[in-house]
Amino acid sequence: IRMSTTDIRADHEEQEEYTRAPKRLKTERYEERPGIYAVTLSQDSGEDLHRLSPSPVVHVRGLCEAVVEADLIDALQNFGSICYVMMMPFKRQALVEFSDVESANQCVSCGAKKTVYIAGQQAYFNYSTSKRITRPTNADDPNSGNKVLLLSIQNPLYPITTDVLYKVCNPIGNVLRIVIFKRNGIQAMPTRLNVIKNDNESWDYTKPYLARRERGKGRQRQAILGEHPLSYSDNNYGPLGSLLPLPGNGRYKLTSMDVPDMVSYPLPQSSSLYCGQPPSSVAMVSGLHSTKMNCTRIFNLFCLYGNIEKVKFMKSVPGTALVEMGDEYAVDRAITHLNSIKVFGKRLNVCVSKQHAVIPSQVFELEDGSSSYKDFAMTRNNRFSSVGQASKNIIQPPSAVLHYYNVPPCISQDYLLKLCTEHNVPGFDKFKVFDAKPASKTISGLLEFESKTDAVEALTVLNHYQIRIPNGSNPYTLKLCFSTSSHL
């Protein structure tokens, strides 16, 4: 049973309503996610607190993560004129204010009688205790003088930098300043942005003389898929770096005319997980299984998102390790894809570390007998050591299907299943081998597991396993990564 205050409270404007009268707890099935139970607060009389008096403001829940204001307006405008929409993306909820109570009543009544879909997913409606959605300061006055636009960006394909936002916004109107916030929760809307340095996360275009923050430490680190950001000169940008291969679908196809106007960026960063921390090339990983996780297995998992230089377990904080990666963008990708995933029954928490380097101090022995510190800087298993090598990697979130490659042709499905059994990881359900050229010395294919968690555990243990064959001069290094295929 998982209890969440998000399930209990309709929205942040209704919290006072829930704390006034005596209440009792009632457990019921949570309709959005089968198998998960939520706790509903009810009054002593037994009445459901969600039976509220009519209000022009409707509380909407059960939204998918990708929904935006336009989706709500498109789905609900048939009920009446909509005055204002406020998204609560981290709760998958929203408030919609109609121009009159009658329109809100039609929305709530219709949602109770039949299924209403928003962005392809069923949504649930009720009246809000608020009679009006609180707007940002002076939001009703178009001439109030506030020239700051708040952009909320979810699931970015590329890191969002000042360069990206400038290219998007400047054609519409002259951009003066940009500041990128990396934090959870509600952000206060300022009337003016204060910029002290020109860099990837803040820029004052009225003060080009502001010094740029120096990135990296020691030797120059190469960003994934080319230099990032572009090489800056005093007055302009340097040559265009290599572009990340885009998905094969038509809307991402580029023509030769498009390329000169584009900027080169590595893969996604997780802006919501910085929690106010400055960028760092070191990630802190907690929630590690005490006996099943070690430096090598952390490398096996994190190397999919960037080069790994050092891994060190913290003696003072059991189940926590520091992972120094090739650059801060690799850390961003690791946070984006690995934070909150389950590995060996424990949920990982991946965030940016305050440290900017991993120092091999207080080295001790882990429970499995391996060292608490390991340097991977010179290993050949790092997959982003050159631009050409990096371009062959497809950055994917964890999935139930693994892509395997660099396997000798004599290896069979039974051999790989036996490998899973010997290493105490879940076996796969489906197996597929790709057609190889006659002269090819290795084969590749797909392994489909019952769940994403099973695939993650198998990859964590078996990635870079040394396969030795009779009369073979050198072992084959089994390489695994998450596949773009959702099933076989």
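**A nonpolar cavity and its aromatic neighbours**

The lining of the largest cavity holds 11 nonpolar residues, no polar ones and no charged ones (Ala, Val, Leu, Ile, Met, Phe, Trp, Tyr, Cys and Pro count as nonpolar, Asp, Glu, Lys and Arg as charged, and the others, Gly among them, as polar). This is a predicted model, where local features need pLDDT of at least 70 and side-chain atom pairs count only at pLDDT 80 or more, while totals for chains, interfaces and linings use all residues. Residues are numbered from 1 along each chain as its sequence is written, and side-chain values use heavy atoms, with hydrogens and water left out.

Let's look at that lining. Among its residues are Leu-402, Tyr-404, Cys-420 and Phe-449; a lining residue has an atom within 4 Å of a cavity point, and a cavity is a set of points on a 1 Å grid over the protein atoms alone where a 1.4 Å probe fits but cannot get out.

Now follow Tyr-404 to its ring partner. Tyr-404 and Phe-431 form a stacked aromatic pair, 5.8 Å centre to centre with 15° between the planes (rings of Phe, Tyr and Trp, the last by its six-membered ring, pair if their centres lie within 6.5 Å, and planes under 30 degrees apart count as stacked). Tyr-404 is buried, with a relative accessible area of 1%, whereas Phe-431 is partly exposed at 24% (buried means under 20% relative accessible area, exposed over 50%, partly exposed in between, with a 1.4 Å probe and protein chains only). Ring pairs also link Tyr-404, Phe-428, Phe-431 and Phe-449 into a cluster.

Technical notes: On a 1 Å grid over the protein atoms alone, a cavity is a set of points where a 1.4 Å probe fits but cannot get out, and a pocket is an open set with protein on both sides within 12 Å along at least five of seven lines; lining residues have an atom within 4 Å of a point. Rings of Phe, Tyr and Trp (its six-membered ring) pair if their centres lie within 6.5 Å; planes under 30 degrees apart count as stacked, over 60 as edge-to-face and the rest as tilted.
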